[in-house]
Amino acid sequence: MIEAIRKRNISRFAAYKIGQFIEATSLKENPGKLANVSNRHRFDLVKAPASQREYTLYNRLAVDLVFVNPQVHQLEYKGDQILQRIFGSLIAAYVDDQEDGRERLKLVPHDTERMILAVPAEERPARARLVCDHLAGMSDDFAVRTFRRLFDADFGSIVDLV
């Protein structure tokens with residue numbers, strides 16, 4: 001790892017290690033109650049002990065050196081804020097009651113909107129779940145563009161759509 005850091009070749013090193021970790025696993029049949037329902041419950045993943053120890057070491061290093069720092073936490077916070085604001089807007093548009101007589105804003109793609117509106121309005125949790133599914137399917141870039149279109153006055157115009 002130190003050599004990979006020195007040569008600025010972390011991506012290749014990580015890909016190689018991931019391959020090794022995958023090769024060091026196997027499946028073991030699990031006779032549990034849900035084994036007949038799906039392969040997810042039918043098998044357990046067995047990891048070679050040496051690979052598990054090495055993985056644990058790399059994981060601890062990554063957490064301590066990469067993920068526990070102010071810059072990463074600031075990015076996480078910003079991402080949370082973006083998703084919360086988009087979620088609130090979509091809930092207001094598609095889940096909350098539209099009692100003011102205004103036409104519903106179209107804030108999601110047509111197919112997604114049709115799925116949400118196909119659920120009766122009184123089934124709010126089911127509609128909210130579809131909103132969550134839409135958010136979960138967003139890439140980071142798409143979520144940021146959506147956020148900016150909704151909340152950044154200097155971003156986007158009707159000209160961008162033509």
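Trainee: Which residues have the most contacts inside the largest nonpolar core?

Mentor: In this predicted model, the largest nonpolar core has 15 residues. Such a core is a set of buried Ala, Val, Leu, Ile, Met, Phe, Trp, Tyr and Cys residues joined through side-chain atoms within 4.5 Å; buried means under 20% relative accessible area, exposed over 50%, partly exposed in between (1.4 Å probe, protein chains only). Inside this core, the residues with the most contacts are Ile86, Leu90, Tyr94 and Val131.

Trainee: And which helix gives the largest share of this core?

Mentor: Helices here are DSSP runs of H or I, at least four residues, numbered from the N terminus. At least two core residues come from each of α5, α7 and α8. The largest share is six residues, and the helix supplying them is α5.

Trainee: What ground rules sit behind these values?

Mentor: As the model is predicted, local features need pLDDT of at least 70 and side-chain atom pairs count only at pLDDT 80 or more, while totals for chains, interfaces and linings use all residues. Residues are numbered from 1 along each chain as its sequence is written, and side-chain values use heavy atoms, leaving out hydrogens and water.

Trainee: Back to α7: how wide an arc do its buried residues cover around the axis?

Mentor: The buried ones are Arg127, Ala128, Val131, His134 and Leu135. They sit on the same side of α7 because their arc, taken from the directions from the helix axis to the C-beta atoms, is only 110°. On the other side, Pro125, Arg129 and Ala136 are exposed.

Trainee: What class of pair do phenylalanine 13 and tyrosine 58 form?

Mentor: The structure holds four aromatic pairs; rings of Phe, Tyr and Trp (its six-membered ring) pair if their centres lie within 6.5 Å, with planes under 30 degrees apart stacked, over 60 edge-to-face and the rest tilted. Phenylalanine 13 is in α2 (residues 10–23) and tyrosine 58 in α4, so this pair ties together parts 45 residues apart in sequence. Their ring centres are 5.9 Å apart and the planes stand at 85°, so the pair is edge-to-face.

Trainee: Is asparagine 69 buried or exposed?

Mentor: Asparagine 69 is in the loop between α4 (49–67) and α5 (70–94). Its relative accessibility is 19%, so asparagine 69 counts as buried.
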